[in-house]
Amino acid sequence: MGINEIIGVLAIIFVLLLVIFLVRRNRKDQEEFERQMNESEIKPEKHKGDHV
């Protein structure tokens with residue numbers, strides 16, 4: 001096995017780990033974003049007594 005093959009295998013492993021990390025982080029960020037959107041839901045305005 002030559003040095004080029006070792007470097008290639010290491011590069012492929014690094015890219016796979018990077019993709020896995022980014023996918024996990026994206027899912028976590030998406031869940032956090034959805035939670036924030038649900039909590040900050042716009043409430044309807046309250047009207048004064050006789051105003052219809």
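E32 is partly exposed, with a relative accessible area of 34%. Keep in mind that this is a predicted model.

What does the side chain of E32 meet in a salt bridge? The partner is R35, and the N to O distance is 2.5 Å. R35 is also partly exposed, at 39% relative accessibility. Now look at where the two sit along the chain. E32 and R35 are three residues apart in helix α1, which covers residues 3-39, so about one helical turn separates them.

E39 has a relative accessibility of 56%. The cut-off for exposed is over 50%, so E39 counts as exposed. Through shared partners, the salt bridges join E32, R35 and E39 into one network.

How many salt bridges does a search of the whole structure find? It finds two.

Next, the chain as a whole. It has one helix and zero strands. What share of the 52 residues is buried? The figure is 0%. Buried would require under 20% relative accessible area. The accessible surface of the chain is about 5700 Å². Carbon and sulfur atoms account for 63% of that surface.

Which residues form a nonpolar patch on the surface? They are F14, V15, L18, V19, F21, L22 and V23. Together these residues have about 630 Å² of accessible area. Take V15 as one of them. V15 lies in helix α1, and its relative accessibility is 45%, so V15 counts as partly exposed.

To recap, there is one helix and no strand, a salt-bridge network of E32, R35 and E39, and a nonpolar surface patch that includes F14 and V23. That is the end of my part.

Definitions and conventions:
Residues numbered from 1 in each chain as written. Predicted model: local features only at pLDDT ≥ 70, side-chain atom pairs only at ≥ 80, totals over all residues. Heavy atoms only, no water. Salt bridge = Lys/Arg side-chain N within 4 Å of Asp/Glu carboxyl O. Helix = DSSP H or I, 4+ residues; strand = E, 2+ residues; numbered from the N terminus. Buried < 20%, exposed > 50% of the residue type's maximum accessible area, 1.4 Å probe, protein only. Areas by Shrake-Rupley, 256 points an atom, 1.4 Å probe, with all protein chains shown as cover. Patch = residues over 30% accessible without salt bridge, like charges linked within 9 Å, V, L, I, M, F, W, Y side chains within 5 Å.
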